Protein chains: 4
Amino acid sequence: MNAFGRLFKVAVFGESHGETVGITIDGCPAGLLIDNHLLSEYLEKRKGGQRGTTPRKEDDIPRFISGVFNEKTTGAPITILFDNKNTRSKDYEKQRAIPRPGHADFVANKKFGGFEDYRGGGHFSARLTVGIVAAGAIAKQLLQKIDIKANIIEIAGENDLEKGLQKAIDQKDTVGGIIECRVKNIPIGLGEPFFDSVESVLAHALFAIPAVKGVEFGNGFQAARLFGSDNNDSIINENGTTKSNNAGGVNGGITNGNELVFRIAIKPASSTPKEQESLNWESNEIEKFSIKGRHDLCVALRAPVIVEAMTAIVLCDFLLLEQKIGRVV
Amino acid sequence: MNAFGRLFKVAVFGESHGETVGITIDGCPAGLLIDNHLLSEYLEKRKGGQRGTTPRKEDDIPRFISGVFNEKTTGAPITILFDNKNTRSKDYEKQRAIPRPGHADFVANKKFGGFEDYRGGGHFSARLTVGIVAAGAIAKQLLQKIDIKANIIEIAGENDLEKGLQKAIDQKDTVGGIIECRVKNIPIGLGEPFFDSVESVLAHALFAIPAVKGVEFGNGFQAARLFGSDNNDSIINENGTTKSNNAGGVNGGITNGNELVFRIAIKPASSTPKEQESLNWESNEIEKFSIKGRHDLCVALRAPVIVEAMTAIVLCDFLLLEQKIGRVV
Amino acid sequence: MNAFGRLFKVAVFGESHGETVGITIDGCPAGLLIDNHLLSEYLEKRKGGQRGTTPRKEDDIPRFISGVFNEKTTGAPITILFDNKNTRSKDYEKQRAIPRPGHADFVANKKFGGFEDYRGGGHFSARLTVGIVAAGAIAKQLLQKIDIKANIIEIAGENDLEKGLQKAIDQKDTVGGIIECRVKNIPIGLGEPFFDSVESVLAHALFAIPAVKGVEFGNGFQAARLFGSDNNDSIINENGTTKSNNAGGVNGGITNGNELVFRIAIKPASSTPKEQESLNWESNEIEKFSIKGRHDLCVALRAPVIVEAMTAIVLCDFLLLEQKIGRVV
Amino acid sequence: MNAFGRLFKVAVFGESHGETVGITIDGCPAGLLIDNHLLSEYLEKRKGGQRGTTPRKEDDIPRFISGVFNEKTTGAPITILFDNKNTRSKDYEKQRAIPRPGHADFVANKKFGGFEDYRGGGHFSARLTVGIVAAGAIAKQLLQKIDIKANIIEIAGENDLEKGLQKAIDQKDTVGGIIECRVKNIPIGLGEPFFDSVESVLAHALFAIPAVKGVEFGNGFQAARLFGSDNNDSIINENGTTKSNNAGGVNGGITNGNELVFRIAIKPASSTPKEQESLNWESNEIEKFSIKGRHDLCVALRAPVIVEAMTAIVLCDFLLLEQKIGRVV
């Protein structure tokens, strides 16, 4: 449940305000020299800091406690920890009486009988994605010439990202965005019928990222509005290159060697500075309240590297399954 | 790979022009009296026949060869077979030289080294969904008061479905559509952090349906264009009822008891009657050709029951996991 | 639950007196020409017929209904059916009131709420192993020079097998036996730490064979009585050849390239012709009774090929995992 | 691979001489108050210290870094770490040239291309079982009245354990032993046909314990030498109580409510103080050598609690599957 993958398997653990969050990678090929530069770069991209992101700062120094020996992977499970230092749980204690709209507070309470760690969203926090990003950086090293690039293509409905962000700042409200991810140099044949189409497995992983509400491949929802003769991609050579790429590089759930293209909808963060109304569990009355804590005005800003990481993890698994990566590199 | 589910597990097999396609359900609770009426109704809905669907007719009589005794499930795996009678493989032999654009022909050939059964798309055919529909009918019986309803809300970009369909007929081309699925009376708490959010698992299953190119929950892609204060759903009572339902009934990947709402984009079928151009593998030249065989002008017409079936299967699995359904009914 | 394997996955279904039993193999590499001769030979070895085995005769003609095209595997799931023709359920109806000692009758009834198919043991019957043997014959083809040979080394405590069998015939009682399996030319490195040691996975599969009550590797239980210096196997060359083979070809759960050796204890079949005593559920009294039906005096006689088949299936999975077998052969 | 279990899932990580070893439990029901007393007791039993066990001493203080809040489980993954303090890797550096007979040194090197952490056996070390024992203590709390008790019944072939141990001390050699485990008050119906018989799953887990070379249930190998009429257990009442318990509480792979009984063979530890001969990889010559490092003369002494822990973990999983334990306790 908290693990994903068949051969390159990641498992996350930890809570937003616990001592530590982390990830275990099981099945990583042996002999990989960890690229600390790439790892730092990935973790840095995910961090808050720029305009529109949370003022909560964490060092995010990865601590490898297993699976690496002499800086290389050993073939044994790799566990990476990240300390939580900059927590202010007090903000959340006050909030406890009112389950925050859009958050998991209410459902977590019901599902886990009130025993959930509610501080900062607990195990449901986007803090967990730090481990995903670290694992993604390692996965990326294994992908060799495959090139994954995710970009924000829309914020608050605007293609001009600055303009979208300014809307949030002006309105003192959170905004969402759309991320587009493009993968070049991907081999033909990744994806497994019937249930493990590359779209199925990617969507599974992508919808695990907090705030994702939609995933589409190639023309996506727009394809539903085209004629077949317009949407089909003619094959123009024996490598399977197509004239157009409306399918986004996937036919029958299998990569066709053309660029893999998909988009992800990120909703506006639920923790808006705006005053809201919701039920107070203790008084059983509808109350006005404002969320305290340090939050992002636009979580989408930090999402591209998470999307890239998740994609690298999924592709790594498919490449191992298809034996394009060996058990020792 | 051809199996899906953790506790209520379905596994499909068969090819479009093979002798038989089928499904095995492992983990179905014992003691369920198979509702043959419901089963027929489901299978009937999936069949071609109405305007805009394939003239290929199959009886689709389910043959239970295991797991049912005295008309009730036994707790052992249930295997259901459907004979393929109305196959015309000759149509496909002629097509063999030109991998059909939009189809799996090219990727299947590369992935399976040329050993794939290419007749009618082989194992990649939508024919496989007949088993899904049968398993879905059984799953539906286990859901009790949970009510799943999928509807076409758009064909060829038109909300008036007749108008959309007429476009296809007029243009002699295939068209796509959008399906919306709504699930009422769903309990709070389905879905598992981190990777098995209800969105993740549903999307995984839904993207396995041939021709699906997008999945979104609640406001979906539109959520990315709203402010957080507009997109949040205020909780208005202790049952978790929300004032609005922009989240589509899911918070933090867990059902919140409100209506579960999602939409699926179905691309226009690749087998359009229109003349197309693509590579001929044998001559290594780009050729004009028309696809023979009997095909749907609008596959979306047959999709709602498949979406309902897939949803029932996924929910059944979550309900078993959450112990809302017992091992014996 | 009824499926086993990670990459080469088998799933069984069917009941002793149902219409059909079968198996689905998911993940079999594409391009394998099915060796019908080997398949028949395997199925023939499993059949009753010789002295000491059941007079129930089944043709055991395998029907491939998917996954094979032009006699070769396609990469899609292979489903193989076997009809049950020679059933005499009447024998079992009479027996119904008294759950047979040593059989699953009692536990199946409790576990599945009385909905189990009880005829001939239903889904718990050794009849299910016919599918295992067929899948094993296919797996064996993939193993190339790896040679698996299982032999009975003891019947009824006697090394002279005829003598052991004669004991059964003289006593009109069932007897058990011990099977030893030896695998030559096995590569170094099969098995995965920590939980998927080659011993763990083989034992898992072997204990699924009805009547197996013990599994040991190399010196097995006898190793517990030796000194370490006597039980250790000195490595004598760079290929890892050891002077002795007390470990049975496994160190740390991983094959070491020496012969893999293990033994399986098969209990005497529970369906003895001897009069027995047990509870009559209907009268709630202890009753004397004799089991009707056609049964083996020594099930161990038919077990070697089942052990070989199960071993081939497990090794095939490990070889795919270790990328010693490709996805296309 | 390093994870085990379907609903109550444990995953181990770490190396003998790494910084830390640990375990993650995914799927533990929420609301369980961790019994630190029981946990300490379990960990203490596993530790070296008494006559015949390793002089390496570790504090084995469990550090819970996730999944526990206000001393209770939250439903999120529980990660428990144990620091390795008392490591003396120098001993192993010297040994590196000669792969130790009976150890994983040789196979780990071949399997992981020489990148394995070889210090103290690395990931193959019995040090990993500390996590298993901690998880087992938690699992045990969930089992309520089910009572698991493992005992050494034989050391070095002697039923008098002191005598067996004295043999080891006198001979300055390692010795093995046999553990018997008995589980009382187990419900009827645990175990899943066909492949997840209770024997299959238990054996899978038990063979993952280092040094285990055999597993048998009930009469085990001795059953192969009995007549069916002697080996069958007559049912004497409606609860399924049997007159004898030759089956060890399992019929058809399912628990029958009688005492579950099984035995495990533990080989003598490979690291004997005795001088041995083996290949020196560097010189490519057979050499005499003695193993340095701090080792157990009789690892079986520390095994009972590991067997109990593994059994508790397996039963917990089956109980969740059978819905005898809820998701919240």
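Two strands are taken to pair if DSSP finds at least two bridges between them. Helices (H or I, at least four residues) and strands (E, at least two) are DSSP runs, numbered from the N terminus. The model is predicted: local features need pLDDT of at least 70, side-chain atom pairs count only at pLDDT 80 or more, and totals for chains, interfaces and linings use all residues. Residues are numbered from 1 along each chain as its sequence is written, while chains are lettered from A and ligands numbered from 1 in the order in which they are written.

**Chains A and B**

- In β10(B), B:Glu216 is the bridge partner of A:Gly214.
- Three bridges connect β10(A) with strand β10 (residues 212-217) of chain B, in the antiparallel sense.
- The contact involves 87 residues of chain A and 87 residues of chain B, two residues being in contact if their C-beta atoms, placed from the backbone, lie within 7 Å.
- On the side of chain A that touches chain B, elements supplying at least two residues each include α3 (105-111), β9 (177-184), α6 (198-206) and β13 (260-266) of chain A.
- That side of chain A comprises 40 nonpolar, 32 polar and 15 charged residues; Ala, Val, Leu, Ile, Met, Phe, Trp, Tyr, Cys and Pro count as nonpolar, Asp, Glu, Lys and Arg as charged, and the others, Gly among them, as polar.

**A sheet within chain A**

- Five strands of chain A form an open sheet in the order β1-β2-β3-β7-β4, with antiparallel pairing.
- Because β1 and β4 (63-66) of chain A stand at the edges with a single partner strand each, one side of each has no neighbour in the sheet.
- β4(A) runs antiparallel to strand β7 (residues 78-83) of chain A, and three bridges join them; A:Ser66 stands opposite A:Thr79 in β7(A).
- Helix α4 (residues 129-142) of chain A packs on this sheet, touching β2 (9-14), β3 (20-26) and β7 of chain A.

**Chains C and D**

- Here 87 residues from chain C and 87 residues from chain D take part in the contact.
- Strand β10 (residues 212-217) of chain D pairs with β10(C) over three bridges, in the antiparallel sense, and D:Val215 is the bridge partner of C:Val215.

Technical notes. Axes fitted to C-alpha atoms, helices over the stretch in contact; angles between N-to-C directions.
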